[in-house]
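This report describes the architecture of a protein chain, from its domains and sheets down to selected residues. The sequence and the coordinates are shown first, and the description follows.

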Amino acid sequence: MNPIQPRDDLRSLSGYHSPNLNVSVRLNANESPLPPPAAFVDDWLEAVRAVPLNRYPDRSARILRESLGESLGQPTERIFCANGSNEVLQTLMLTYGGPGRKALIIEPTYALHSHIARITGTEIVSSARSADFTIDPDALESTIKSNDPDLVFLCSPNNPSGTVDAAEVLDAALQSARGLVIVDEAYGEFSPNSAIGRVNEDSALVVVKTYSKVWSMAALRLGYCIAPAWVVEELEKVVLPYHLAAATQSAGIAALKYRAEMDARVRELVSERERLMEGLSGFEALEPLPSGANFILFRVGKPGDVEASSRLWAGLVKHGVLIRDFSAWPGVEGCLRVTVGSRGDNDAFLTALGSILRESGDS
Ligand code: PMP
């Protein structure tokens, strides 16, 4: 028996599980299939070479926040940066959640929303998306009114379903919530609408973004949020001083010069997404769900057929293709999620899928 145990409310916590197997086609983590442009890497390394490494980094990440603000049409004071959007979410929860506070989380959604709520001792109020994974604005409004949460989490496009929330969903949240409304837009660039334009000083709306997907920088860990200046001020008090390394700040600044390249990549991935969607729809045993992200969730067999989806997932691994297994995940039972990859990887996935389903007579 260890001499000390974690806090009572953390005993039953399980870590973040996303198996990382050694396969040739990795379509499991919603990453970009491409590295950042080579010229970006050169610019970044040059900037890092000029950093006085014996000094702490700029604590306020001023130049990065200014550059991001400029690119988003928002004042610097409304930008908060951290090590991945996960750290942004954690800082929001540390600041506005915690013991005695409640967060509304609409499942199924990104697992880290409830995970961070638990770690920070924030009470979770859980509600469910409709069967088609949309959110009914009236139902949302009444859930908010009856539970009075301090934080409301939305995720659009939603991970893992890919669902893009209708504008009315955000309207309903903003009209009825007393506390913060947080929209996780980690995949926002792949969808036509964003809530960023609605951030202002008079409402408690926070939009969370990341460099991990479109910007091909998952390894560097950089995320940010656009929030009223009075929220950013509080976040800066809570986050650890000097949390954002100079190398990370430089990367975020250097990347912004490559917006045109990144926009072109988004268009390419969106068109690959439509091709994958068509490919998946061609199999009778599969039901892909509409997606506004760089991934597609699909049902395997009859709704909730956990065995059929697990079998298909394992079959794909045997073919050297790793996707994300949601077979036993509450709310998405019997589903798998594939990240939109390069044309070659997507073809490898569709080919493997075809041969497995044909063999089992499910095509
Ligand atoms: N939000 C959502 C919805 C995500 O899917 C992810 C990554 N899987 C994140 C946030 C976190 O991304 P990062 O910490 O890499 O910015």
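## Terms and model

A residue is called buried when its relative accessible area is under 20%, exposed when that area is over 50%, and partly exposed in between. The model discussed here is predicted.

## Domain arrangement

The protein chain is divided into two parts: domain 1 covers 19-35 + 260-360, and domain 2 covers 38-258. Between the C-alpha centres of domain 1 and domain 2 there is a distance of 26 Å. Domain 1 contributes 28 residues to the contact, and domain 2 contributes 21 residues.

The size of an interface is often expressed as the accessible area that is lost when the parts come together. For domain 1 and domain 2 this buried area is about 1900 Å², with 63% of it on carbon and sulfur atoms.

## The seven-stranded sheet

Seven strands form an open sheet with mixed pairing, in the order β2-β8-β7-β6-β5-β3-β4. The edge positions are held by β2 (79-82) and β4 (123-128); each has a single partner strand, so one side of each is left without a neighbour in the sheet. On average, neighbouring strands of this sheet are turned by 25° against each other, direction ignored.

Two helices may be described relative to these strands. Helix α2 (residues 62-72) packs on the sheet and touches β2 and β8, its direction making about 125° with that of β2. Helix α6 (residues 167-176) lies across β5 (151-155), β6 (180-184) and β7 (205-210), and runs at about 155° to β6.

Which strand pairs with β2, and in which sense? The partner is β8 (residues 223-226), and the two are antiparallel, with four bridges between them. Within this pair, I79 stands opposite I226, and C81 stands opposite Y224.

In a regular strand the side chains alternate between the two faces of the sheet. Both faces of β2 are covered: I79 and C81 are buried on one side, and F80 and A82 are buried on the other.

## Cysteines

A disulfide is a covalent bond between the sulfur atoms of two cysteines. How many disulfides does a search of the whole structure find? The search returns zero. C81 is accordingly in no disulfide, and the nearest cysteine sulfur, that of C225, is 8.3 Å away. With a relative accessibility of 4%, C81 counts as buried.

C335 is likewise in no disulfide; for C335 the nearest cysteine sulfur belongs to C155, at 16 Å. The relative accessible area of C335 is 1%, so this residue is buried.

Is strand β10 (residues 295-300) mostly covered or mostly uncovered? The strand is mostly covered, with six of its six residues buried. F295, L297 and R299 are buried on one side of β10, while I296, F298 and V300 are buried on the other.

Strand β9 (residues 286-288) pairs with β10 in the antiparallel sense over three bridges, and a hairpin joins β9 to β10 through six residues. P288 of this pair stands opposite F298 in β10. Strand β13 (residues 335-339) also runs antiparallel to β10, and five bridges join the two. Within that pairing, R337 in β13 is the bridge partner of L297.

## Two further residues

A166 is placed in the loop between β5 and α6. At a relative accessibility of 41%, A166 counts as partly exposed. A166 and P137 are 29 residues apart in sequence, and their C-alpha atoms are 8.7 Å apart in space.

Q249 belongs to helix α8 (residues 246-255). Its relative accessibility is 7%, so Q249 counts as buried. Apart from residues up to four places away in sequence, Q249 touches P57, D58, A61, L64 and L244.

Note on methods
Residues are numbered from 1 along each chain as its sequence is written. This is a predicted model: local features need pLDDT of at least 70, side-chain atom pairs count only at pLDDT 80 or more; totals for chains, interfaces and linings use all residues. Side-chain values use heavy atoms; hydrogens and water are left out. Two strands pair if DSSP finds at least two bridges between them. Axes are lines fitted to C-alpha atoms, for helices over the stretch in contact, and angles run from 0 to 180 degrees between N-to-C directions. Contact means heavy atoms within 4.5 Å. A disulfide is a pair of cysteine sulfur atoms within 2.5 Å. Buried means under 20% relative accessible area, exposed over 50%, partly exposed in between (1.4 Å probe, protein chains only). Domain bounds come from an automatic or database domain assignment. Buried area is the accessible area (1.4 Å probe) that two parts lose on being put together, summed over both.
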